[in-house]
Amino acid sequence: MGDKSKIAWTDATWNPVTGCSKISAGCTHCYAERTDKRLRGAAGQAWREWSASNAKYNVRLHPERFDQPLRWKKPRMIFVNSMSDLFHPQVSDWIIYRLFEVMRDAPQHTFQILTKRPERALKFFERNWALTQTPGISFGGGFIGLPLPNVWFGVSVEHQKAAERRIPLLLQIPAAVRFVSCEPLLDNVNLDVWMQYTHPKTWIASGLIHWVIAGGESGPNARPMRPDWARSLRDDCLKSQVPFFFKQWGRWMPMPGEPDRLIASPQNEHDIPLLDGKAWTEFPRLQPIA
Ligand code: SF4
């Protein structure tokens, strides 16, 4: 677990919680679920039977991993809970709070939290704020002053409806950097209304959304991402000067020379230009401000 990640927009993953339950169309071929099933399959019959009976809400805590980032001395970008959703209803406020304490105490790292449940996240932050206003009340040893400068907060958005539901909540959450991950991209998404001018040097001076990630679905039965959806997101980001990161085509990519036809993509799909001459490498991933 952890120290290195294959996910191109981060360095490492930290999974103090694993397991989840599906909440929207983007979850249909959930990578976390597939991996979890594979691990359960490798773990023997008794475990398989137990976990099959708990399959719907197979959320598990891993307390032995809680302090893991404190032991990593070299600064890293860390994706929190790549195998779950930190704001799943089965993860208690107390646990979330405890994990925020770890993030606060590891300022050498940048933590990236991505959720499909921003309504729960907002409630958590509101409660945390309320506690700061109530003398004599202590929760997990005190309150956390938010936003933490080393914590980025993002929502997953697979289509326009998800954007309209989740982004307005994201914008109310105190965060040093707010990002939107459009992966798997299942339809055209227009983020214009939530993007504002961002300072070209710091990237995070005044924008409402500071970073956009896009990518197609991977794995068996993956649904195709139409190239014009990715291209239009990229163009909107360029127009608003919001950094854009093209993560991958996924299972399907445009056929070279025939941009409207999709073919199964090779493994190194990152090397394929985004249709009109702009390679994914022209959009470097967002870096923490020194
Ligand atoms: S919210 Fe994320 S981790 Fe949970 S089921 Fe959906 S895709 Fe999987």
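Student: Why is N221 called exposed?

Tutor: N221 has a relative accessible area of 64%. Exposed means over 50%, buried means under 20%, and partly exposed lies in between, with a 1.4 Å probe and protein chains only. The value of 64% is over 50%, so N221 counts as exposed. N221 lies in the loop between β8 and α7, and its phi, near 65°, is positive in a residue other than glycine. Helices (H or I, at least four residues) and strands (E, at least two) are DSSP runs numbered from the N terminus.

Tutor: A word on the origin of these values is in order. The model is predicted, so local features need pLDDT of at least 70 and side-chain atom pairs count only at pLDDT 80 or more, whereas totals for chains, interfaces and linings use all residues. Residues are numbered from 1 along each chain as its sequence is written, and side-chain values use heavy atoms, with hydrogens and water left out.

Student: Is N81 buried or exposed, and what makes it so?

Tutor: N81 has a relative accessible area of 1%, and therefore counts as buried. N81 is in the loop between β4 and α4, and its phi, near 60°, is also a positive value in a residue other than glycine.

Student: What class does R226 fall into, and why?

Tutor: The relative accessibility of R226 is 43%, so the residue counts as partly exposed. R226 is placed in the loop between β8 and α7 (227-240).

Student: Why is R120 called buried?

Tutor: R120 has a relative accessible area of 16%, which is under the 20% limit, and therefore it is buried. R120 lies in helix α5 (residues 118-132). Not counting residues up to four places away in sequence, R120 touches F87, H88, P89, V91, S92, D93 and I96; contact means heavy atoms within 4.5 Å.

Student: What makes a group of residues a nonpolar core, and which residues have the most contacts inside the largest one?

Tutor: A nonpolar core is a set of buried Ala, Val, Leu, Ile, Met, Phe, Trp, Tyr and Cys residues joined through side-chain atoms within 4.5 Å. The largest has 56 residues, and F87, F100, M103, L191 and V212 have the most contacts inside it. Helix α4 (residues 93-104) gives the most to this core, with seven residues. Apart from this core lies another, of 12 residues, among them W9, F79, I213 and F245. In soluble globular proteins, nonpolar side chains tend to be buried together.

Student: Which residues does V212 contact?

Tutor: Beyond its neighbours within four places in sequence, the contacts of V212 include V180, C182, L191, M195 and L233.

Student: How many aromatic pairs are there, and what is the rule?

Tutor: There are 14. Rings of Phe, Tyr and Trp (its six-membered ring) pair if their centres lie within 6.5 Å; planes under 30 degrees apart count as stacked, over 60 as edge-to-face, and the rest as tilted.

Student: Why are the rings of W9 and F79 called tilted?

Tutor: Their centres are 4.7 Å apart and their planes stand at 50°, so the pair is tilted. W9 is in the segment before β1 (12-14) and F79 in strand β4 (residues 77-80), 70 residues apart. Both W9 and F79 are buried.

Student: What is the arrangement of W211 and F245, and why?

Tutor: With centres 6.3 Å apart and planes at 55°, the rings of W211 and F245 form a tilted pair. W211 lies in strand β8 (residues 211-215) and F245 in strand β9 (residues 244-248), so the pair ties together parts 34 residues apart in sequence. W211, at 0% relative accessibility, counts as buried, as does F245 at 3%. Ring pairs link W9, F79, W152, F179, W211 and F245 into a cluster.

Student: Which residues are around the ligand, and what makes a residue count as near?

Tutor: A residue is near a molecule or strand if one of its heavy atoms lies within 4 Å of it. Around the ligand are C20, S21, K22, C27, C30, S84, D85, K116 and R117.
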